[in-house]
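Please consult the sequence and the structure alongside the points below.

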Amino acid sequence: MKQNSDPEWFTGDFAIDLALVRNEIGHNSDVHFREFHIGGTDVCAAIIFVEGLTDRELIDKHIIKSLMMSFTGGAVSRDFITNRVLSIGEVAEEQALKSLVAKVLTGSTALLIDGLPNALVLGTTKEKSRQIEEPVSEATVRGPRLGFTETLCDNTALLRQHGENASLSFMKLQVGQRTKKELVIAYIKDIADPDLVEEVKKRIQNIKADDVPESGYVEQLIEDNYLSPFTQVQNTERPDRVFSALMDGRVAILLDGTPFALIVPVTFSMMLHSPEDYYERWLPSYLFRLLRYLAAAISLFGPSLYISFVSFHQGLIPTKLALSIMGTRDGVPFPAIIEALIMEVTIEILREAGLRLPKQIGPTIGIVGGLVIGEAAVQAGIVSPIMVIVVALTAISSFAIPQYSAGISLRLLRFPAMFSAAVFGLYGVVLFALFLCSHLVKLKSFGVPYVSPIIPDRLTNWTDFMIRMPLKKIKRRMKPISANGSTRKK
Amino acid sequence: MNTQQLRRLLCSLSILILLPLAGCWSSKEIENLGFIVGTALDLEKKDPDHNGHLLTVTNQFVTSETIGSGTKDGKTQQKAYKNISETGDAALPTLRNMILRIDKRAFAEHSKVLVIGEELARTLNLQQTLDFFIREQEMRPSGLILIARERASGTLESKNLVDIPAFQLIEMTQGHDRTTKILPPMTLTKIQGKLQSGSSFLLQSVSSIKGEIKFTGAAVIKGKTNKLSGFLNEEELEGITWISGKGKGGLVRSFDDEGLPIVYEILSMKSVIKSHVDGNRISFDLIIESEGRIAEHWDVSEKDFENGYLKRAEQASVKEVKRLIRNVLNKMQHTYQADVSGFGNKLRIEYPYVWEKVKKDWDQTFSEVPIRCEVKLTIKDYGTSDH
């Protein structure tokens, strides 16, 4: 029953109730209170809404106008008003002040009527969303031009829109302890491993944070190993990428307020794949993928190989090349490691600077920086021209990796590789590679080995790994990911 | 800070200290090296108060200075290489003495060629001379071995400033695909087997005439002593190439009945040596087959596509090839008494028991063995002309 003494509950007395609401949120400048009399009668009513979050036209035409003008006779009762007067889709009753306030602050309109025990909550939320645009961070030549937006329901709609699939399931959760945010776990019911879905759900429920502004927070709070340099959760702006991951048996996490969806579990090879691989014919895709693996290797080991060849193993360079490197390094005052560090750090600074610059200045800085590094530094004899080539090649290679976050981890690891090359030569590079391999083999993302299908080796999955075989040949899903439906064509 | 944290800190610190302490010791920057690209070995005569032999080692160095000055414009050009000679009684001490005279660290992993002077090859066992170079880890196993007529150091000199003679020598051996006058390259790895086997073999010989280097036939190394016993000239080397069948291209210049030249260009050649043993009599059959084309002929009245003419041209070329082979066999059997064309090896394979008996004095036996020779040339092609 109603507890009249409790100030958290509505009493049915209009003045007291209104004062109660006013007391709670009345100090906010964007909360509007509108008091009026219901058409023809002397019954007082008030609507409370937040400016900007609500649809003003809806409020004016379908709430105020209906209540003031179309109220023709009849008693002011809850049933009569909801059933005959309010021409609005979503109407609910609310007894408690706290929950009413929560709804008003997310865009609903509260309606208080003198004599009615409960407040009515009317769905008048106006979604603040932008146009669906092409994803900026993952542009492709061929493929859908759709990208996620900041609005969760738009994003889930994009996935539904992909095609009719009754098994596509969404599970809604809330994250953030002070600022509540909506989060959706998407998966295909009969492909995804139920244990995996349960695990994802559990990890998300365990998130203890005041606020989760971006999916990057979720990513960092649910990943397996936060000390690893490799990302264990993939982020993407592309609905098609999410959908194909779902069809692999993976789970996607969509957070309200960010266009970046997360995909788990992740394997290392996914970082070097692009959705376009499947849209183009298999032969070019096959080669482009190999090229990307090569680019990843260069971006990781390029400068360290240069250092070890130039400072340790000069006998391994072809003679003519060795002579020309020797000639160009004549007069360079630094050993190769210092030379490489200067150039690498410069190019990282340049990249970092270019990232934040306005679009109009970006290219200018690129040209100036490129000229300063490429031309002036060589002219001044600080670095050798070959070093410039190595650094430029490495930088370009790191941009050839389709996943920005994967590119970052390789760029990061380049520096320890360079140091180990400077200390032990090729031996050091090999040691570093072994160290990296042992870490990668141990790493797991939501129970799936990070380097599968190499380890554990499943040759059937190699059809879609470093190379992409013709689509007709890719028949099986990644074994460790999908529990049941291992064959793609059912 | 508790003990565990302290321990962790000490642990990571010691790793950080250990890395530079244990590492970097073998680091040497490329511009501080002096690449030895070629080495010449000579015997020093002027040594009155020394009983043994004195070696002169000449190293051809390429350093960042010599390379750098060659590429930068506006400067007066200097030589692209630097030759340094040092004399001593063994190879390594002599080489180490060079440290006293150069600012760069000598680095032999790009060593391309080893030239041995005529005098040295005649006097000393090659196995002794080459011992260090075969043993040394820094030497490339693919390094080439040449014998110089007269002094070896002369072949590492060039009139042209930008050329590096050691590289020129290497590139000149590539020509062996297109002429029968150059031997297939003999590397440090290959020569080990030859030196151990006790059989005679050939090395490419090179001479330096007024600062220009030229390949001049082959040097005959006697298997018993591993010493140089003499040279074959270019024409004799052609005969050797025909016998071995290892030529990949080249020409046969013969004359037709009217004395006008016909040039046969070799497209392929194959040779088979067959050994025969009849009681104590050993003999060999040499069968040579070759296909080729007419590359040039001066008789304007003849038509290439007439079979009669082709037959005559083939006959003339066969005659010339036979002459070349006879010529060199004569020299091998009678002048040098050295089997450098693998006749003995064939006998070893086909009649191992006979070989066991004769192998001790094979070069002597070989000089009296009859060799029958059969040559078959086929003209497949006469180019883009019909006359």
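1. The UniProt positions cited here follow the numbering used in this note, and such annotations may be inferred rather than shown by experiment. The model itself is predicted. In the UniProt record, an unreviewed entry, the annotation "transmembrane region" covers residues 251-272, 293-312, 386-405 and 417-441 of chain A.

2. Two of these annotated spans may be examined in the model. Residues 293-312 of chain A are 95% helix and 0% strand, and 26 Å separates their end C-alpha atoms. For residues 251-272 of chain A, the content is 0% helix and 41% strand, with the end C-alpha atoms 19 Å apart.

3. How do the axes of helix α10 and helix α12 of chain A cross? Helix α10 (residues 282-311) and helix α12 (residues 336-356) of chain A have axes that come within 9 Å and cross at roughly 155°. Angles over 145 degrees count as roughly antiparallel, and α10(A) and α12(A) are therefore roughly antiparallel to each other. The crossing is right-handed.

4. To this contact α10(A) contributes Pro303(A), Tyr306(A), Ile307(A), Val310(A) and Ser311(A), while α12(A) contributes Ala336(A), Ile337(A), Ala340(A) and Glu344(A). By class, the residues comprise 7 nonpolar, 1 polar and 1 charged.

5. The contact between the chains draws 19 residues from chain A and 20 residues from chain B. On the side of chain B that touches chain A, the elements giving two or more residues are α1 (3-22) and α2 (64-71) of chain B. Of these, α2(B) gives the most, with 5 residues. This side of chain B divides into 8 nonpolar, 7 polar and 5 charged residues.

Notes: Residues are numbered from 1 along each chain as its sequence is written. Chains are lettered from A and ligands numbered from 1 in the order in which they are written. This is a predicted model: local features need pLDDT of at least 70, side-chain atom pairs count only at pLDDT 80 or more; totals for chains, interfaces and linings use all residues. Helices (H or I, at least four residues) and strands (E, at least two) are DSSP runs, numbered from the N terminus. Axes are lines fitted to C-alpha atoms, for helices over the stretch in contact, and angles run from 0 to 180 degrees between N-to-C directions. Angles under 35 degrees count as roughly parallel, over 145 as roughly antiparallel, 65 to 115 as roughly perpendicular and the rest as oblique. A crossing is left-handed if the near helix is turned anticlockwise from the far one by less than a right angle, and right-handed if clockwise. Two residues are in contact if their C-beta atoms, placed from the backbone, lie within 7 Å. Ala, Val, Leu, Ile, Met, Phe, Trp, Tyr, Cys and Pro count as nonpolar, Asp, Glu, Lys and Arg as charged, and the others, Gly among them, as polar.
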